[in-house]
Every structure is written in C-alpha cells, then in structure tokens.
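The following paragraphs lead through a single model. Please keep the sequence and the coordinates in view while reading.

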Amino acid sequence: MNCAYGLYGEAKDAAAADEYWGWAGRRGHALSMYCHAMLLMKEVDTAGDAGAGPDVRRHQQKIVGLLRRSATSGLDMAQHEMGTLCKGGYRGVVRDHDAARRWYGEAAQQGYLRAAEILEDPLRWED
C-alpha cells in the first residue's frame, strides 16, 4: 500500500502497487484483491472519455472479478462494494436488488455499518 499512496518514504508508484496487490491477490489475500480493484477503479475513473475502449471493459471485468473473489472470501468492504455494484448495475454488473441485499447482508452481519444502514433504509431501495 505504501507505493500506492507514497507513504513511509516510498515513491508513489501505481504500477508497483498493481504488481504487489496482484501477487498477493493471486495467493488468496482478500484485502489485496479489494485494494487492487480500488486501484483499477481509480485508473478507469480518471481515464474519462479517453478510456471508453476495450481496455476499460477488460479493467471493469477484472475489477468485478477481484471484488467478487474478495467478497466471497469474506471481506466486508468487498461485500459492501459488490452490493453497491449489484444495486446500481455499475461496472457491467446486472442490476439485481436481491443480490445487492445478499451482499449488503453479509457485510452487515460482520458489523459493517454502512451496509446495515443501506439495508434498513427503504428510501434507498425505491426506483
């Protein structure tokens, strides 16, 4: 993480962060998969209109795959993010409120308060 944000004397280096988080994620480290997905999200979101091509679609698929693996491994932040993707139909995920409720529910069961708040607020589920 230090190279992603330039902490503790490390130079800010997104490529190195991508490499490190990818390495740890391939070995099943849920937090690394989540951080890797967040790094890719930032890259895609800052690309703007210039990044509307096939590279962005590949990144979107990779983001969703990383988040799904991380969420399935039990990371509450990833479960919340998957709930958000399913609820809004973002990043190529099909809009599915039932799936969103399941993901938010898993995160809330672990004490992730933002997920519990979303589940409990009926106004957030109106179309």
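Just after helix 2, G28 adopts a positive phi of about 90 degrees. Helices here are DSSP runs of H or I with at least four residues, numbered from the N terminus. The model is predicted, so that local features require a pLDDT of at least 70 and side-chain atom pairs a pLDDT of 80 or more, while totals for chains, interfaces and linings use all residues. Residues are numbered from 1 along each chain as its sequence is written, and side-chain values use heavy atoms, without hydrogens and water.

Helix 2 has 13 residues, which at 1.5 Å a residue should span 18 Å; its end C-alpha atoms are 18 Å apart, in agreement. The expected span is 1.5 Å times one less than the number of residues. Its buried residues (under 20% relative accessible area, 1.4 Å probe, protein chains only) are A16, A17, W21, G22, A24 and G25.

The axes of helix 2 (residues 14-26) and helix 3 (residues 30-47) come within 8 Å and cross at roughly 145 degrees. Axes are lines fitted to C-alpha atoms over the stretch in contact, with angles from 0 to 180 degrees between N-to-C directions. Contact, meaning heavy atoms within 4.5 Å, joins A14, A17, D18, W21, G22, A24 and G25 of helix 2 to S32, M33, C35, H36, L39, L40 and E43 of helix 3.

As for confidence, pLDDT is the predictor's confidence in each residue, from 0 to 100. The protein chain averages 84, and 83% of the residues score at least 70.

Conventions:
Helix = DSSP H or I, 4+ residues; strand = E, 2+ residues; numbered from the N terminus. Buried < 20%, exposed > 50% of the residue type's maximum accessible area, 1.4 Å probe, protein only.
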